[in-house]
Every structure is written in C-alpha cells, then in structure tokens.
Amino acid sequence: MEFKLKHKDGMARVCQISTAHSGFLTPVFMPVGTLACVKSLDANDIKDKLDAKIILANTYHMYLRPGSKIIKNCGGLHGFTNFDRSFLTDSGGFQAFSLSKNSKHYDKGIQFKSHIDGSYHLFTPQNVLDMQYDFNSDIAMVLDDLTALPTTKQRIKISVDRTISWAKEAVTYHKLMQDQGRTLKQNIFGIIQGGTDYEERKRCALALNEMPFDGLAIGGLSVGEENALMYETVQNLTPFMDENRPRYLMGVGTPEDLVENVERGIDMFDCVMPTRNARNGSFFTSFGKFNIKKTEFINDHEPIDKTCTCYTCSNFSRAYLNHLFKAKELTFFRLASLHNLHYYLDLTKQMQKAILSNSFSQFKKEFYTKRGK
C-alpha cells in the first residue's frame, strides 16, 4: 500500500491511498458490504452509480457463510463479487460485542457460537488473518478486544492488554507469511482500544505505533458513549497516532460524526447507517434528515434533495419513492440506498475540496447552517 499525506488544514487531512486494486483520496467513506454485498446493490451499482473506490466486508459473517475457502476458490472477494476495487475486511472483534450473548473472550482469542447453526468457533490473531488471506482483501484488520461502554477500568485494562498482545502476535505472523511469499499485496491495520479512558487509549496507541502496521484504526467508539465523549476521545488520541499512516475510525457514524472527526484528523470511515436508514425510509440530505413515509410526500414531485446529483434524485420524485415504500416494493431499497450512499460519498468529496483550499472551518459552519444548527 502506498500512502501520501497531501495537505492539512488544521488537523483535517487529505491523503492519497493506493492498494493493489484502487487508489483514492481521504477523507473516505466505505460502504458496508457485510456479506460481500452492500444490501440491495451489486458491484455495478457501487462502481458505476456511486464510484466507490473501497468497501468493507466482514470476516465473521463470511467465514460462517459461505466460508473463506469457497471465496478463495472463487478468486477471493474481487472474483466472488465482481467488485474489482479495494476491500477492507474486519476481523470479528466487533461481532464479539454485537453478538455478546454468543461469544466469550479468552486471552488466546474469542470463542463464538454461530448464530446460524449453533456450532462453536475460536477466532485467534492468526486464524482471522488466514481467513482474510483467503478473501484477498486489500486491508485486513487484526483481532482486537472490544468492550461495551460504560464499563469498569479493570475491564478496559484487560481489553488493552489483550489488544496489544494480539496485535504483536498478528504482526509477527503476517511477517512470517510475507517471508514465505504469501499475502504480499495485503495490508494490515492495528486497532486501538481503551474505551474513553485517556491513559489506556494513549497506552494502546503508543504500543501499536511501534508496530509495523500499514495503518491504525480507532475501535470501541459509538458503542454507548455520548457523542461529545467520542469526539473528545478522538481529539485526545490522534496526536498519538503516526501521521504518516492512515487513521480509520471504525463504525462511525452520522454525517455530523464524519465532519467532526475529519476535523480531528481521521481519514477513513464506515457505517451501516446510510443503508440501514434507507431501508427504513429515512433519507440524508444537505438540509438534514427526513422520512419519506410521511403523507406530505404523497403528491410531491420534487426529488429527495434538489442539490443532489445521485441516480435517484436525477430520475425519481418523492411521490414515487413514497409510493414504493408504502407498497413495500423492493426497488425502494435500491433507490434509497443509492441516494444515501451517494450523500455520504459526496460529503467526503466536499470535505476533501475544503481541506485542499484551507477552508474547512467555513465548510463546517455552512454544513451546520444548512441544518438550522
């Protein structure tokens, strides 16, 4: 992976990232394709309608179904999905949190009880990389120990201890595989844990900074804490993260979250919010968020957002989308997802332009003014 810091405006950054399958500027938003599919969309939608350069897929879910070897035999994720640009794959650490009733943490790894058939599986720092080697993802996240918030200081310390230990094991194993000629075009990112505890976050960041990761991620936020506390944690943490590597804030979040955290030095984001909200009839726009199911839109001939250039806004009215939603037509999911993802991807492009022109603070002010804030 090639990384170049192109420009800074305060702490906000524009960087160039190039992998074996695509190059892109940051800030960048990655649509979430948990099961090797962005819900309701296919690879052509992602490439031709959205021009997304990188998407995220999930190791835990794809390992269980269809299985990493099946994906490997189909040419990795790129051959399996026909998406020939970059993939980032998560390690399963978040699923230990979101599926906590079906998982147990040990010092050697995380044991999962499959939500599909009840079978048991142990994820370790080594075998989650093996799974991702089979996927041939461009960026592979290493295993981390995420804990819900709020929690005790002792649990946070255990989380950081495990995360650092697993990161060391992952780096050593990845280097061994590269020395053997495997996975030469795959990159690994470490994940910083520590809840909202300043000292533990700092300890984890400094430890991972010393390891030869291709990038660093912040995990364990947007898991129950208030937004202001999330922003404060990122603000405190980015100075301890190497500025010559990508910085990725995992699983975040709203458009406001993206703007606030770009201002604090974050480069990469992912979140299910655009597509999940779309399926529930909720649209993100330049003037805020609204739900299409309201009766006021039954005879509304306007697009979702007059300033939007997405496929949906260029071709269909609010009245039609209101009808599709109420009729439970599957086409609604596609059209709504295309709009919301376009909004997120365009938002990152607007931030890139603002940073490059040293006008990010003015962009942020206008962003909130349009929302009446």
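**Exercise 1. Find out how strand 8 pairs with strand 9, and how many bridges join them.**

Solution. Strand 8 and strand 9 (residues 120–123) run antiparallel and are joined by four bridges. Strands here are DSSP runs of E with at least two residues, while helices are runs of H or I with at least four, and both are numbered from the N terminus. Two strands count as paired if DSSP finds at least two bridges between them. Next, look for a facing residue: Phe-112 stands opposite His-121 in strand 9. Finally, follow the hairpin of these two strands, which has six residues between them. There, Gly-118 takes a positive phi near 80°.

Before you go on, note that this is a predicted model, in which local features need pLDDT of at least 70 and side-chain atom pairs count only at pLDDT 80 or more, while totals for chains, interfaces and linings use all residues. Residues are numbered from 1 along each chain as its sequence is written, and side-chain values use heavy atoms, leaving out hydrogens and water.

**Exercise 2. Work out how strand 7 is joined to strand 8.**

Solution. Begin with the direction: strand 7 (residues 103–106) and strand 8 (residues 109–113) run antiparallel, with four bridges between them. The link between the two strands is a hairpin of two residues.

**Exercise 3. Identify the buried residues of helix 9 and say why they lie on the same side.**

Solution. Take helix 9, residues 227–237, and list its buried residues: Met-230, Tyr-231, Thr-233, Val-234 and Leu-237. They lie on the same side of helix 9 because they cover an arc of only 160° around the axis. That arc is taken from the directions from the helix axis to the C-beta atoms. Buried means under 20% relative accessible area, exposed means over 50%, and partly exposed is in between, with a 1.4 Å probe and protein chains only.

**Exercise 4. Describe the second largest pocket.**

Solution. Start with the volume, which is about 280 Å³. Of the 16 lining residues, the closest to the centre of this second largest pocket are Ser-286, Thr-307, Tyr-343, Asp-346 and Gln-350. Then ask which elements give two or more residues to the lining: helix 14 (330–356) and helix 15 (360–370). Helix 14 gives the most, with six residues.

A pocket is an open set of points on a 1 Å grid over the protein atoms alone, where a 1.4 Å probe fits, with protein on both sides within 12 Å along at least five of seven lines; lining residues have an atom within 4 Å of a point. A volume is the space filled by probe spheres set on the points.
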